[in-house]
Amino acid sequence: MGKKRKSSEPPSLTASLPHDLVVDILARLSRSDYPALSLVSKHFRSIVSSRELYATRSLLGCMEHCLYVFLADVESKCNRCYILRQKTNGSHGLVLVPSLPSLPYGSRFVAVGSRIYVFGTGKDRNTTLSIDCGSYTVQPLPSMHVPLSYTVADVIDGRIYVMGRHDQRDLDKMMVLVFNTETQTWKTDSEMTTSEIYAHGSVVMADKMYAKYSCKGFVYEPKERKWETDEVLNSKEWRFACVVDDVLYYYEFYRDKLRAYDRKQRCWLVVKGLEAFFQTSLMWSYVHSVSYDGKLALFFPYGEEIWCAEISLERSQGGEIWGKVEWCDCLLTSKRRFRYTKSLEVFV
């Protein structure tokens with residue numbers, strides 16, 4: 001008789017359990033445990049990357065807020081995807097998602113549901129894809145039918161609006177293209193004439209897209225396809241802003257203040273309680289803000305490091321907004337030069 005072939009994996013304690021029960025158990029765990037579980041066995045690795053697991057998490061109400069961060073390597077001219085994780089010592093760090101490919105340098109990123117959509121611009125405009133944040137699978141999508149540059153992108157009612165300048169036609173034309181995530185089709189939504197070129201981000205408030213360009217901002221109302229301006233909002237340089245509870249926030253570096261724009265009251269406020277933190281922090285001009293699980297996260301580079309501060313917000317009865325720094329950590333240190341591109345909150 002020939003020698004018995006040795007098993008490549010030790011017997012699993014869950015081998016005798018029904019598959020559905022194993023999925024149910026794993027679905028109740030935190031996603032931060034999944035990388036370690038995937039190393040236990042091929043069986044676990046298969047379940048952790050399956051759509052079935054994330055469908056079960058949704059049914060059980062076990063989905064979590066996850067923050068994905070895209071950093072561009074200045075030398076290789078490509079973006080890599082990281083996820084924010086809390087370490088065993090309580091501090092925070094960025095963990096590379098190694099299974100995802102490098103993405104073009106000038107890409108725009110938005111999140112719809114549990115997917116991240118990627119749109120290339122300029123010479124990379126044919127790069128259009130979606131990333132399933134549960135299984136980390138990548139799906140190619142139709143490219144924009146009109147080549148745009150200096151773009152910003154955001155989501156309204158599940159549809160993705162991309163605003164930018166026409167590459168090959170009238171450079172004074174600002175266009176809005178809309179991508180339907182259900183039918184996976186593009187269409188031209190609107191256009192206008194402007195001399196503005198360089199984009200510094202966009203936000204959504206009250207189902208309107210607020211886009212910040214070099215000298216001023218534009219407000220696009222998709223239902224009526226109308227272009228507007230908000231003079232009170234444009235009285236400040238609100239670059240790299242985000243929205244938390246229908247209030248816009250951005251860091252004003254030359255005054256060391258976190259400013260807030262109340263759309264309903266049409267006024268600017270200064271977030272209080274952060275004076276000491278800003279005076280001792282390492283922040284400088286390129287501070288990017290992102291909404292994360294009802295709080296505000298500020299990302300800022302410092303030398304060879306990427307830092308982040310998480311700030312909780314509270315509104316007083318008198319209308320003042322107060323901030324509290326929950327934590328501030330160095331997330332990544334590298335000898336390579338990284339450029340912050342985008343952070344996205346995804347519910348998975």
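User: In this predicted model, is D132 buried or exposed?

Analyst: This is a predicted model. Buried means under 20% relative accessible area. D132 has a relative accessible area of 10%. Because that value falls under the cut-off, D132 counts as buried.

User: Which residue meets the side chain of D132 in a salt bridge?

Analyst: The N to O distance in this salt bridge is 3.8 Å. D132 sits in strand β7 (residues 128-132), and its partner sits in strand β6 (residues 115-119). The pair links distant parts of the chain, 17 residues apart. The partner is R115.

User: Which residue joins R115 and D132 in one network of salt bridges?

Analyst: R315 and D262 come in first, as a separate pair. R315 forms a salt bridge with D262, with the closest N and O atoms 2.8 Å apart. That pair links strand β23 (residues 305-315) to strand β19, 53 residues apart. In the network, salt bridges that share partners join R115 and D132 with R51.

User: Is D262 buried or exposed?

Analyst: R315, its salt-bridge partner, is partly exposed, with a relative accessible area of 40%. D262 has a relative accessible area of 7%. The cut-off for buried is under 20%, so D262 is buried.

User: What is the N to O distance between K226 and E228?

Analyst: The side chains of K226 and E228 meet in a salt bridge. K226 counts as partly exposed, at 42% relative accessibility. E228 also counts as partly exposed, at 25%. Their N to O distance is 3.9 Å.

User: Why can the buried residues of α4 be said to line one face of the helix?

Analyst: Helix α4 covers residues 51-60, and its buried residues are L53, Y54, T56 and R57. Look down the axis of α4: these residues line one face because they fall within an arc of 155°.

User: Which exposed residues sit on the face of α4 turned away from its buried side?

Analyst: The buried side of α4 has its cover, which includes α1, α2 (34-37) and α3 (42-48). After the helix comes G61, with a positive phi near 70°. The face turned away from the buried side carries R51 and L59.

User: Which residues make the nonpolar surface patch of about 220 Å²?

Analyst: One member lies in the segment before α1 (19-27). That residue, L17, is partly exposed, with a relative accessible area of 32%. The patch is made by L17, L21 and I25.

User: Why is strand β2 described as largely enclosed by the rest of the structure?

Analyst: Strand β2 spans residues 78-86. It pairs in the antiparallel sense with β1 (residues 65-73) over six bridges. It also pairs that way with β3 (residues 92-96), over five bridges, and with β4 (residues 103-104), over two bridges. β2 is largely enclosed because the buried residues number seven of the nine.

User: In β2, which residue is the bridge partner of F70?

Analyst: β1 and β2 form a hairpin with four residues between the strands. In that hairpin K77 takes a positive phi near 60°. The bridge partner of F70 is C81.

User: How many bridges join β18 to β19?

Analyst: On one side, β18 runs antiparallel to β17 (residues 242-244), joined by three bridges. β19 (residues 257-262) also runs antiparallel to β18. E252 has K257 as its bridge partner in β19. The bridges between β18 and β19 number six.

User: Which residue in the turn between β18 and β19 has a positive phi of about 50°?

Analyst: The hairpin of β17 and β18 has two residues between the strands, and D245 in its turn has a positive phi of about 55°. The hairpin of β18 and β19 has four residues between them. In that turn, the residue is D256.

Technical notes
Residues numbered from 1 in each chain as written. Predicted model: local features only at pLDDT ≥ 70, side-chain atom pairs only at ≥ 80, totals over all residues. Heavy atoms only, no water. Patch = residues over 30% accessible without salt bridge, like charges linked within 9 Å, V, L, I, M, F, W, Y side chains within 5 Å. Areas by Shrake-Rupley, 256 points an atom, 1.4 Å probe, with all protein chains shown as cover. Salt bridge = Lys/Arg side-chain N within 4 Å of Asp/Glu carboxyl O. Buried < 20%, exposed > 50% of the residue type's maximum accessible area, 1.4 Å probe, protein only. Arc of directions from axis to C-beta. Contact = heavy atoms within 4.5 Å. Pairing = 2+ DSSP bridges.
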